[in-house]
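Here are a few friendly notes to read alongside the coordinates. Please have the viewer open as you go through them.

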Amino acid sequence: MKILRFSLLAGALALLFAVGCGPKKTVPGMTEGHGVVFVSDAVFDFARYLANAFETTYNNAFVDLKPYPGIMSVDSLLNERTDQILLDRGLMPAESAAFSQANLKLYTYKVAYHPVFLLVPKSNPVAVIDSAALRGVLTGSIRNWKDLGGPDQRLHLYVPSPGEGAWVSLLNYYGKLDSITAIPCSTAATMLDTARSDPGALLAYSKPIDSLRTHKALDFHRQDEDISPNYKTILDTLSYPFRLDITYITTHQKEDVAAGYLTYIMGNIGQRRIGGELKYRPAAIPVRFVKQPAQ
C-alpha cells in the first residue's frame, strides 16, 4: 500500500513539473479527452505547433483547432457557440463592452507577441519606410514607389481583413483614419498568392518570414530610429509599433483539455517553446530565460 501511494504521489508531481506554472494546476480531465479552440488565421500554425507538443506530452488529449476570422471567433464566443478562442489581438473596446452587456465574464491571457512585417518584393530597392509615408500609403495620398525613393511603380497595399491583428495594430498606431486605401485579404496565404506577381506590392504580413524567398521586411523609421521588425527587436524592447498580441480568451474556467492546453502554453515549457523554437516573444516568463547564449 505504501508503494502504491508513493507511485501515485510521484506521478502527480511528474505531471505538475511537466506542465509548469500556468493559470491552473493540471488535473486528469485537462490531459484526457477532446477540446475545441477557435483560432485566427495569423496564429493557426503557431497554435498547431503547440497543440502537437501538448498532445505528444499527453497521448490521451486532442486539441481541435478551428480556423476562424478574428471577428467571427469573437462573435462565436459572445454567442456561446464556443468557450475559448485564440486571437492575434486583444479585444477591442466595443467587443469588451458587448461581453459586459451580455453579463459574460472574460478570462484573458496574453500568450505571446510577434511583429507585423511590412514586406516588399526583394527586387524593390526601398529598405525603410517612415511613419508619415506609411500613413500616406494607408490613406491613398501616396500611390507610387517613387515617392518613397523607389522605382516609378504603382504601389498597392495588401492588408488582412478588417478586425484581424495586423489591421488593428495599424489603426492602434495611427488612430481613426477617414479612409484607407488597401486590398484586404482573408488569409496570409491568400495575400502572398495575390501579391506574388505584383512588383509594386507592400504587404502588412503577420506570419514568420524565414522561409520567404520572394519578399523582404522593411525597417520602420520613427523618431530618428530605424526599427527592425524582427524577433530580437520584439524580444528585447517591444519598440516596434506593429505587433500581434496573441491572446487566449475564454468565458468559462473549466478543467477540460482546452484548459489543459492553455495551462501548457502558459507554463514554463510552453513559453520556452514559444521563445525558442517558434521565435515569438513569450508573454509569461522573463525575456532572459529564452535568450539564446552567444555563439
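This is a predicted model: local features need pLDDT of at least 70, side-chain atom pairs count only at pLDDT 80 or more; totals for chains, interfaces and linings use all residues.

Which residue of β3 does valine 39 stand opposite?

1. Valine 39 and its partners. The residue of β3 opposite valine 39 is leucine 86. Valine 39 also stands opposite proline 67 in β2. If you colour these residues in your viewer, you can follow the pairings described next.

2. Strand β1 and the strands it pairs with. Strand β1 covers residues 33–39 and pairs with strand β2, residues 61–67, in the parallel sense, over 7 bridges. Strand β3, residues 84–87, also runs parallel to β1, and 2 bridges join them.

3. Helix α2, residues 44–57, belongs to a β-α-β unit together with β1 and β2, and the unit is right-handed.

4. How α2 meets α10. In general, two packed helices are described by the angle between their axes and the distance between the axes. For α2 and helix α10 (residues 268–275), the axes come within 11 Å and cross at roughly 135 degrees. Because of that angle, α2 counts as oblique to α10. The crossing of the two helices is right-handed.

5. Residues at that helix contact. From α2, the contact is made by Phe46, Tyr49, Leu50 and Ala53, while α10 brings Gly270, Arg273 and Ile274. Sorted by class, the contact of α2 with α10 has 5 nonpolar, 1 polar and 1 charged residues.

6. A three-stranded sheet. Now to another part of the model: 3 strands form an open sheet, in the order β6-β11-β12, with mixed pairing. Its edge strands are β6 (128–130) and β12 (225–227), each of which pairs on one side only. From one strand to the next, the twist averages 35 degrees.

7. The β6 and β11 pair. β6 pairs with strand β11, residues 219–222, over 3 bridges and in the parallel sense.

8. Helix α5, residues 131–139, lies across both β6 and β11. What is its angle to β6? Helix α5 runs at about 80 degrees to β6.

Note on methods: Residues are numbered from 1 along each chain as its sequence is written. Side-chain values use heavy atoms; hydrogens and water are left out. Two strands pair if DSSP finds at least two bridges between them. Helices (H or I, at least four residues) and strands (E, at least two) are DSSP runs, numbered from the N terminus. Axes are lines fitted to C-alpha atoms, for helices over the stretch in contact, and angles run from 0 to 180 degrees between N-to-C directions. Contact means heavy atoms within 4.5 Å. A crossover is right-handed if, with the strands pointing away from the viewer, the path from the first strand over the helix to the second runs clockwise. Angles under 35 degrees count as roughly parallel, over 145 as roughly antiparallel, 65 to 115 as roughly perpendicular and the rest as oblique. A crossing is left-handed if the near helix is turned anticlockwise from the far one by less than a right angle, and right-handed if clockwise. Ala, Val, Leu, Ile, Met, Phe, Trp, Tyr, Cys and Pro count as nonpolar, Asp, Glu, Lys and Arg as charged, and the others, Gly among them, as polar.
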